[in-house]
2 protein chains.
Amino acid sequence: MAKRSIAADVPADELLKLENQMCFPLYACSKEVVRRYTPYLDKLGLTYTQYLVMLALWEYGPTTVGELGERLYLDSGTLTPLLKKMEAKGLLERKRNAGDERRVTIELTDEGVALKERARDVPLSMGACVGITPGEGAELVRLLQKVLSNVRDSREG
Amino acid sequence: MAKRSIAADVPADELLKLENQMCFPLYACSKEVVRRYTPYLDKLGLTYTQYLVMLALWEYGPTTVGELGERLYLDSGTLTPLLKKMEAKGLLERKRNAGDERRVTIELTDEGVALKERARDVPLSMGACVGITPGEGAELVRLLQKVLSNVRDSREG
DNA sequence: TGCAATTTAATTGCATACCATTGTATAGCA
DNA sequence: TGCTATACAATGGTATGCAATTAAATTGCA
């Protein structure tokens with residue numbers, strides 16, 4: 001038995017099967033779950049990404065574009081037009097920071113704050129249709145966060 | 001103690017925290033993993049979605065747009081332009097099915113088939129940077145497929 | 001102080017994704 | 001056969017996402 005990594009002995013045929021990779025179930029599951037949110041979020045007038053922005057603002061309060069992007073893993077190319085649309089809808093305000101003109105402060109309007117109550121049911125409805133036990137959910141989140149953390153670390157390495 | 005679901009007793013503040021939801025780690029992890037593929041796929045001249053199409057074609061052989069979409073959870077609005085680009089690059093051919101003119105058959109060219117060998121290293125490289133054990137990987141895939149299956153079922157219900 | 005390096009958003013360009021609609025082709029039935 | 005319903009891919013419109021670049025502001029150092 002040659003001293004090789006296990007993977008080196010596996011033929012390309014096996015390695016390249018859709019089911020044998022983690023990435024495809026991850027990609028497909030993420031898309032389908034997001035899609036499943038749509039009917040609930042439509043009632044609130046939000047897209048999925050806009051919903052994430054609202055979650056972050058409800059939880060952490062006023063922030064900057066950069067902070068928001070770090071938290072949600074989104075860059076300014078995505079956030080800037082998104083935030084402008086949300087501002088146009090009256091959910092939040094974008095203001096150049098007085099102390100540091102490079103920064104733009106994002107702050108919810110009263111309407112944006114009020115939307116939180118109507119959003120309350122969204123996680124409950126979604127929880128009902130993922131159909132896994134709380135224990136499984138916790139394990140899934142743990143594994144996802146582990147992968148997320150490792151993938152990010154290996155980027156700078 | 002009133003007879004209510006557990007969730008009904010949890011305040012909106014807790015329910016709506018980013019970390020308390022499965023959707024956000026799922027969404028973020030998927031995006032970051034896909035992003036991490038980019039440098040490897042660049043060498044093959046493929047985008048991530050194009051890579052998925054190639055995986056499906058390498059594994060299952062010639063197919064139709066509809067079949068491909070079912071397998072990859074993509075619709076014709078995404079696939080048609082994608083496949084046209086891949087055809088222009090010489091990776092595959094799109095032909096109207098002789099027996100049923102509604103269908104378009106997708107088939108790899110020799111060049112498309114040959115690319116498989118060069119793609120062999122991609123799963124190995126990616127496997128190295130997700131940094132979880134084979135056991136954890138298997139559990140993660142199992143849970144993702146369970147959620148995927150449940151989310152899809154609840155759509156028609 | 002004055003200038004180079006850095007930080008921060010915004011912009012541009014490219015590639016998905018999904019929904020709804022359209023147009024062509026086939027199937028199924030009166 | 002002829003008409004309607006269905007199936008399928010393509011199209012058009014909207015919304016992300018990311019990389020690379022730009023532009024303005026601030027920092028830090030000579």
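Leu74(B) is in contact with Tyr27(A), Lys31(A), Thr49(B), Gly69(B) and Leu79(B), leaving aside its neighbours within four places in sequence. The structure discussed here is a predicted model. Chain A can be laid on chain B by a turn of 180 degrees and a shift of 0.0 Å along the axis, with an RMSD of 0.1 Å. That is the relation of a two-fold axis.

**Confidence and relation of the chains**

- Chain A has a mean pLDDT of 91, and 92% of its residues reach 70 or more.
- Over residues 1–6 of chain A, the pLDDT is below 50. Beyond near neighbours in sequence, this stretch has one contact in the model.
- In general, two copies of a chain are related by a rotation about an axis and a shift along it.
- For the present pair, the turn is 180 degrees and the shift 0.0 Å. The same surface serves both copies, in that 100% of the contact residues of chain A recur in chain B.

**The H4–H5 loop**

- Leu74(B) is situated in the loop between H4 and H5 of chain B.
- With a relative accessibility of 12%, Leu74(B) counts as buried, because the limit for that class is under 20% relative accessible area.
- Thr49(B), one of the contacts of Leu74(B), is 25 residues away from Leu74(B) along the chain, and the C-alpha atoms of the two are separated by 9.6 Å.
- The loop between helix H4 (65–72) and H5 of chain B also holds Tyr73(B). Although Tyr73(B) is not a glycine, its phi is positive, at about 60 degrees.
- In chain A, Tyr73(A) lies in the loop between helix H4 (65–72) and helix H5 (76–88). Tyr73(A), likewise not a glycine, has a positive phi of about 60 degrees.

**Packing of H3 against H5 in chain B**

- Helix H3 (residues 48–60) of chain B packs with helix H5 (residues 76–88) of chain B at an angle of about 80 degrees, and their axes are 11 Å apart. H3(B) is therefore roughly perpendicular to H5(B), a class that covers angles of 65 to 115 degrees.
- On the H3(B) side, the contact involves Thr49(B), Gln50(B), Val53(B) and Met54(B). These meet Leu79(B), Leu82(B), Leu83(B), Lys85(B) and Met86(B) in H5(B).
- By residue type, the contact of H3(B) with H5(B) comprises six nonpolar, two polar and one charged.
- Two members of this contact, Thr49(B) and Leu79(B), are also among the residues in contact with Leu74(B).

- Lys116(A) belongs to helix H6 (residues 110–119) of chain A, and it is buried, with a relative accessible area of 16%.
- Lys116(B) is found in helix H6 (residues 110–119) of chain B and counts as buried at 16% relative accessibility.
- Not counting residues up to four places away in sequence, Lys116(B) touches Asp13(A), Leu16(A) and Trp58(B).
- The C-alpha atoms of Lys116(B) and Lys43(B) are separated by 13 Å, with the two residues 73 apart along the chain.

**Glu19 of chain B**

- Glu19(B) has its place in the loop between helix H1 (12–15) and helix H2 (23–44) of chain B.
- At a relative accessible area of 41%, Glu19(B) is partly exposed.
- Glu19(B) touches Glu59(A) and Tyr60(A), not counting residues up to four places away in sequence.

Technical notes: Residues numbered from 1 in each chain as written. Chains lettered and ligands numbered in written order. Predicted model: local features only at pLDDT ≥ 70, side-chain atom pairs only at ≥ 80, totals over all residues. Heavy atoms only, no water. Axes fitted to C-alpha atoms, helices over the stretch in contact; angles between N-to-C directions. Helix = DSSP H or I, 4+ residues; strand = E, 2+ residues; numbered from the N terminus. Parallel < 35°, antiparallel > 145°, perpendicular 65-115°, else oblique. Contact = heavy atoms within 4.5 Å. Nonpolar A, V, L, I, M, F, W, Y, C, P; charged D, E, K, R; others polar. Least-squares fit on C-alpha atoms with pLDDT ≥ 70 in both. pLDDT = per-residue confidence, 0-100. Buried < 20%, exposed > 50% of the residue type's maximum accessible area, 1.4 Å probe, protein only.
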